[in-house]
Amino acid sequence: MNVKKYLMSYVVMKPLLLMALSVLLVTACNSSKMQLSNISKEHAANISIPCQVVKHSMGEACVPNEPKRVVVLSHYGLLSHALTLGVKPIGSNANTLEDLKGDYLREQSFLGEKIEGIQQVGLPDNPNLEKISLLKPDLILAWAALKPVYPLLSQIAPTVLIPFNMPDWKDQFNLVAEILGKESEAQQVWEQYYQRVEELKAALGDLYENRTISVASTSPSNNYVLVKNSFAGSILNDVGLQRPAVQDVIKPGGGIYNISEERLDILDGDILFLLYTYDWGEMETYQRLKKKPIWKQLKAVKNNQVFLVDFWTWIWSDPSAANAVIDDLYKYLVDTP
């Protein structure tokens with residue numbers, strides 16, 4: 001499996017992927033029963049320690065008051081939440097950890113060395129139960145799409161399923177903080193975030209009062225824009241930056257996808273932030289679109305206000321990534337307006 005293509009499909013085709021993933025996990029659940037039966041009961045046994053009862057979609061879990069050996073099972077967000085809160089998981093199936101250190105991430109990646117030493121325990125659609133058990137976790141945090149294998153995970157350690165489609169990414173972060181007993185750390189994170197928001201507002205002044213900010217991506221298979229209920233859209237809203245009318249809406253999945261080349265006007269704004277990676281074909285598509293007459297008519301293009309920014313940073317849905325987005329806004333809107 002090409003992990004990077006898998007993740008891109010997840011971001012832009014989430015509903016279809018979740019249906020397919022459910023089918024895969026049901027199959028995995030059936031095939032993993034034999035695998036789990038071979039795991040030592042010593043590893044799967046619950047240890048009696050002080051804990052708090054946490055309710056979630058599959059019932060209740062007794063979460064240790066101070067979990068020390070946390071395994072995080074999600075596409076990407078839960079891993080970043082834990083790291084932002086000062087909890088370094090011992091294992092994760094997020095993406096592949098080597099890819100997260102790869103050179104397609106921007107130099108100032110907000111993960112970087114933080115993931116050193118975290119063991120890979122499968123991929124988002126295929127967690128490796130045996131590897132997870134051998135790590136002897138005292139808590140497993142898993143995104144809700146892993147519901148089919150929850151009965152097996154809960155035999156290894158207390159397991160809490162985290163909803164993916166929460167209305168606000170900030171709510172998901174707060175939920176993870178509550179489960180990990182890191183509410184005070186979360187409060188500090190938010191204080192720092194909103195302080196940076198206010199500082200950025202002051203730095204921008206009224207310079208962009210009547211200018212719109214577009215956030216989009218071009219790729220061989222999908223041109224799309226991120227709207228106001230996306231991660232990036234929420235940050236722009238916090239900062240008080242205006243969006244083009246067509247993007248100033250709420251849409252399922254936080255975006256308008258599959259935009260044809262004839263409707264590239266949907267990408268337009270006074271400023272255009274264009275998301276890209278190094279190897280999904282965005283740059284090739286961008287270079288091709290630049291030759292199109294309709295592209296040359298975009299306001300941002302005519303005014304030389306198209307800025308290339310890291311895809312992962314602008315979709316990651318975590319306070320650490322939000323700070324990296326704010327860094328970009330300083331770089332392109334304050335330092336070089």
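The structure holds 15 aromatic pairs, where rings of Phe, Tyr and Trp (its six-membered ring) pair if their centres lie within 6.5 Å, and planes under 30 degrees apart count as stacked, over 60 as edge-to-face and the rest as tilted. This is a predicted model, in which local features need pLDDT of at least 70 and side-chain atom pairs count only at pLDDT 80 or more, while totals for chains, interfaces and linings use all residues. Residues are numbered from 1 along each chain as its sequence is written, and side-chain values use heavy atoms, with hydrogens and water left out. Helices (H or I, at least four residues) and strands (E, at least two) are DSSP runs, numbered from the N terminus.

**Aromatic pairs**

- A pair of aromatic rings is described by the distance of the centres and the angle of the planes.
- Phe273 and Phe307 form a tilted pair, with 5.8 Å from centre to centre and 45° between the planes.
- This pair links distant parts of the chain, since Phe273 belongs to strand β13 (residues 271-276) and Phe307 to strand β14 (residues 306-310), 34 residues apart.
- Phe273 counts as buried at 0% relative accessibility, and Phe307 counts as buried at 11%, where buried means under 20% relative accessible area, exposed means over 50%, and partly exposed lies in between (1.4 Å probe, protein chains only).
- The rings of Phe311 and Trp312 make an edge-to-face pair, because their centres are 5.1 Å apart and their planes stand at 85°.
- Phe311 is buried with a relative accessible area of 0%, and Trp312 is buried with a relative accessible area of 1%.
- One aromatic cluster is formed by Trp169, Phe173, Trp190, Tyr193, Tyr194 and Phe231.

**Nonpolar cores**

- The largest nonpolar core has 81 residues, and those with the most contacts inside it are Phe273 and Leu329; such a core is a set of buried Ala, Val, Leu, Ile, Met, Phe, Trp, Tyr and Cys residues joined through side-chain atoms within 4.5 Å.
- The largest share of this core, eight residues, comes from α15.
- Apart from this core lies another one, of 16 residues, which includes Ile266, Tyr286, Leu298 and Val306.
- When its neighbours within four places in sequence are left aside, Phe273 is in contact (heavy atoms within 4.5 Å) with residues including Ile213, Val215, Phe307, Trp314, Leu329 and Tyr332.

**Strand β13 and its sheet**

- Strands of a sheet pair through backbone hydrogen bonds, either parallel or antiparallel.
- An open sheet of five strands has the order β12-β11-β10-β13-β14, with mixed pairing, and two strands count as paired if DSSP finds at least two bridges between them.
- The edge strands are β12 (255-256) and β14, each of which pairs on one side only.
- Strand β13 is largely enclosed by the rest of the structure, because six of its six residues are buried.
- From β13, Ile271, Phe273 and Leu275 point one way, whereas Leu272, Leu274 and Tyr276 point the other way, and all are buried.
- Strand β10 (residues 213-217) runs parallel to β13 and is joined to it by five bridges, and Ser217 has Leu275 of β13 as its bridge partner.
- On β14, which also runs parallel to β13 and is joined to it by five bridges, the bridge partner of Leu275 is Val309.
- Strand β11 (residues 224-226) pairs with β12 in the antiparallel sense over two bridges, and the partner of Leu226 in β12 is Gly255.

**Helix α9**

- Helix α9 (residues 183-204) has 22 residues and reaches 31 Å from its first C-alpha to its last, close to the expected 32 Å, a span calculated as 1.5 Å times one less than the number of residues.
- Its buried residues are Ala186, Val189, Trp190, Tyr193, Val197, Leu200 and Leu204.
- These residues lie on the same side of α9 because they cover an arc of only 95° around the axis, the arc being that of the directions from the helix axis to the C-beta atoms.
- The buried residues of α9 pack against α4 (77-84), α8 (169-179), α10 (231-239) and α15 (319-334).
- Just after α9, Gly205 takes a positive phi of about 55°.

**Glu261 in its loop**

- Glu261 has its place in the loop between β12 and β13 and is partly exposed, with a relative accessible area of 23%.
- Glu261 and Leu289 are 28 residues apart in sequence and 8.2 Å apart in space, C-alpha to C-alpha.
- Not counting residues up to four places away in sequence, Glu261 touches Asn223, Arg288, Leu289, Lys292 and Ile294.
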